[in-house]
Amino acid sequence: MRKRVPALGLALCLLLSGCSRGLTIFSNYRRLESIELVRTVTVDTAEPGVSVAIYGTAGEKQEARMYEKEGTSIGIAMNELTLMPLGREAILSHTENMLIGSDLAEDRLDEVLDYVERFSEMRLDTGLLVVLDSTARELVSGLAGEETPASDVIAGLSENIDRVGKGYIFSCREIVSSLAQNGVALVQCVRGVKEEKLFEKRGEMNIEPAGFAVMRPDTVVGYLTEEETLGSMLLLGRYRSRNLDVPVENAVLTMSVDLVTPEVKPVFAHDGSLEKVDIRLKLSSNLVSMEGLVDIRREDVREKVEEGLSGIVESAVSAAVRRGQEMGVDFLDLRGILSRREPIKMEDIPEKWEDVFPALPVEIRVESVFSRTYDIIDPPEISGREEGGPWKKLIGSLTDN
Amino acid sequence: MEKTDRITDRQLTVLIFVSLLSPMIRILPTSAVTLGGRAAWVSPLAVFPVSALLTAGLRALLKNAPEGVGLQDAAMLGLGPVGGRIFGVVSALWLTFYGGFLARSAAERLLSTVYPNGNPPIFVVVTLLAALVTASGLTKTLSRTAEVLMPILLAVIAAVLLSAAPDVTGENLLPVTYRNWEDILCGAVPIFDVTAAFAYFLFLRGHVARTPGKRPNRFPWLTLLLLVAFAVTFFTLGTLGVNLAITMENAFFMVIRNIKVFGVIERAEAVVVAIWIVTDFIFLSAILMIVSEIWRTVTGVRRRAFFTAPSATLSGMSAFLIARDAFEFMKWSDFLVPAINLGITAVIIPAVLAVGKIRKKY
């Protein structure tokens with residue numbers, strides 16, 4: 001009897017397994033065929049408040065589907081969506097990206113973030129993008145093709161955008177954290193472009209990065225240009241790689257540029273005030289392709305390439321810093337970077353950061369290194385190499401004798 | 001006391017450790033961050049000397065107490081039968097209320113994170129019922145359960161925190177300098193509050209069988225508990241940043257919501273919820289057991305289990321009556337309960353034992 005009671009108790013625990021619908025008391029059990037896995041959500045301004053669309057995949061063929069509803073708030077619209085005859089339960093727990101229209105971003109970013117934070121089904125690591133020149137719904141619907149679900153296209157952008165140095169998709173967590181910490185955050189913008197279809201079954205539109213938006217919880221402070229976005233990525237450590245063209249003599253070299261961590265140092269005056277900020281960046285570059293011919297084994301040519309790259313990067317970083325100073329908004333969190341470097345001295349600077357920052361001199365130095373040319377060396381007509389080289393000459397002279 | 005219900009000192013220590021994990025992962029990092037700001041992740045390190053001092057102090061005070069003497073017996077020896085009984089009744093009533101507070105906070109936490117449309121009563125009743133069954137049993141059963149669960153809990157906490165590691169950034173954790181010493185100490189208060197609760201478990205000391213020549217050593221477990229506190233605060237603060245973490249009731253859970261392991265495993269919240277439930281269950285069972293133990297000693301009734309069901313009922317009532325909603329409950333959990341807790345564990349209990357020691361009763 002002593003063993004039978006616990007055994008019975010343990011057997012009853014099988015009811016909690018969730019393995020079958022009939023027997024289980026596990027409330028979250030759902031059949032795979034009955035769920036709509038949402039990968040992308042769009043939110044736009046609309047009457048009476050917002051329009052929310054969810055893009056999911058369902059069924060064995062993973063067909064792409066879209067459902068849309070309006071409401072006074074995101075919560076209301078989401079509620080309405082559950083009443084739609086989806087035939088499936090919308091699961092938002094694996095939402096990858098959320099796209100919001102620029103109209104909504106202008107004054108209601110905090111509402112979107114608040115919804116993501118509070119609604120336990122959503123993940124804070126969901127990527128957030130602002131759509132320019134169209135509504136988010138128009139863009140995502142335009143992306144969707146018969147064989148290219150919009151969510152796949154956005155996921156592709158999300159994975160590769162920082163690899164080509166065109167931006168970085170910040171997650172809701174990063175944006176909320178930055179807003180809480182600095183009162184300002186960067187958000188990746190995108191826009192839809194109509195392009196010739198590469199194949200019939202793709203969507204009408206393509207998506208392209210459109211720089212960062214500098215945002216406060218209830219307003220957009222400004223939009224950054226491509227150069228300013230690149231500069232911001234370099235300073236914020238969000239940069240991975242980018243190909244840049246450098247003209248040298250009669251050729252144009254396309255260089256792949258990798259960044260070694262930037263170094264940002266404060267320089268203080270004798271009275272403890274902040275005199276300037278010293279920014280140093282180290283780049284490593286590799287030759288990807290060459291248009292025209294130039295002897296890259298010549299040291300002066302390589303120096304020109306390095307100088308050219310340094311100039312481009314210096315200009316981008318300088319543009320980003322200058323833009324922040326013009327706006328009076330420290331979106332690069334220079335204060336945070338400097339405080340981590342010199343916490344005591346930064347705490348003791350006599351002026352307020354808000355007063356110092358707009359006119360703070362910033363010295364940028366970029367050190368570029370031309371690392372390699374991959375497996376290709378120059379053709380003989382450029383390098384001056386003769387067939388066989390010095391060995392052939394030596395062997396030839398020996399055999400002649 | 002039943003002679004068969006004996007535990008080793010190690011088992012008591014493990015029971016304390018697993019029980020205190022419950023409030024530790026409930027209040028952290030929010031309470032520490034609210035008081036200590038960005039420097040809160042250093043606070044667990046600052047707690048160690050103070051907690052170690054309290055642990056060593058209480059051990060020294062009870063050093064010569066004979067085997068089978070728990071805190072309540074010691075109080076009755078030190079303060080006399082009347083004074084000791086008053087201390088016992090006050091402690092039992094407080095712990096009964098505290099048990100209700102624990103059950104309610106466990107329910108509120110599940111509601112705010114997983115079941116937004118639920119109601120506290122069902123969670124309170126189920127938790128108390130489960131704890132009642134265990135608390136009615138032997139001390140060694142509960143201690144053994146804690147012993148079995150401890151490595152699993154530690155492994156899960158370690159796995160969860162390591163999975164969160166890629167999101168940790170230095171920007172959210174630094175700078176912290178010597179100038180932040182006040183913040184560090186402020187952040188240490190709620191952590192010390194939790195560790196000091198080990199004093200309640202001295203009521204179960206009478207069940208500990210002494211091994212000749214072996215002295216109880218709780219420092220490794222204290223270190224481990226503070227290491228967990230450090231890790232939870234460090235990873236949460238490092239992921240969310242101070243200003244975001246401060247706005248959240250369960251910032252640790254928010255970090256878990258984001259965990260992705262090699263792009264294969266996502267949404268591992270259930271694991272954390274399981275840790276919450278298991279540690280809450282152990283702690284609540286231990287509290288009910290302690291309350292019953294106090295009543296048994298105070299009244300002289302032989303069977304401890306006689307008091308367990310009434311204590312659980314009273315705890316349940318206090319869980320329902322303590323607050324009408326989450327906002328009212330927050331007022332209790334923010335200051336009042338931690339303050340009383342600290343007063344009893346770090347002031348009253350040492351003082352009671354000191355009186356007995358001065359009067360050379362043990």
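Predicted model: local features only at pLDDT ≥ 70, side-chain atom pairs only at ≥ 80, totals over all residues.

Residues are numbered from 1 along each chain as its sequence is written, while chains are lettered from A and ligands numbered from 1 in the order in which they are written.

**The sheet**

Chain A holds an open sheet of four strands with mixed pairing, in the order β10-β11-β12-β13. Helices (H or I, at least four residues) and strands (E, at least two) are DSSP runs, numbered from the N terminus, and two strands pair if DSSP finds at least two bridges between them. At the edges sit β10(A) and β13(A), each pairing on one side only. From one strand to the next, the twist averages 35°.

| Strand of chain A | Residues |
|---|---|
| β10 | 242-248 |
| β11 | 251-268 |
| β12 | 274-291 |
| β13 | 362-372 |

β10(A) and β11(A) run antiparallel and are joined by seven bridges. A:Val248 has A:Ala251 of β11(A) as its bridge partner. Helix α8 (residues 299-327) of chain A packs on the sheet and touches β10, β11, β12 and β13 of chain A. Its direction makes about 145° with that of β13(A); axes are lines fitted to C-alpha atoms, for helices over the stretch in contact, and angles run from 0 to 180 degrees between N-to-C directions.

**The contact between chains**

Chain A brings 16 residues to the contact and chain B brings 19 residues, with two residues in contact if their C-beta atoms, placed from the backbone, lie within 7 Å. On the chain A side, α6 (172-182), α9 (334-341) and α10 (343-348) each give two or more residues. α6(A) gives the most, with five residues.
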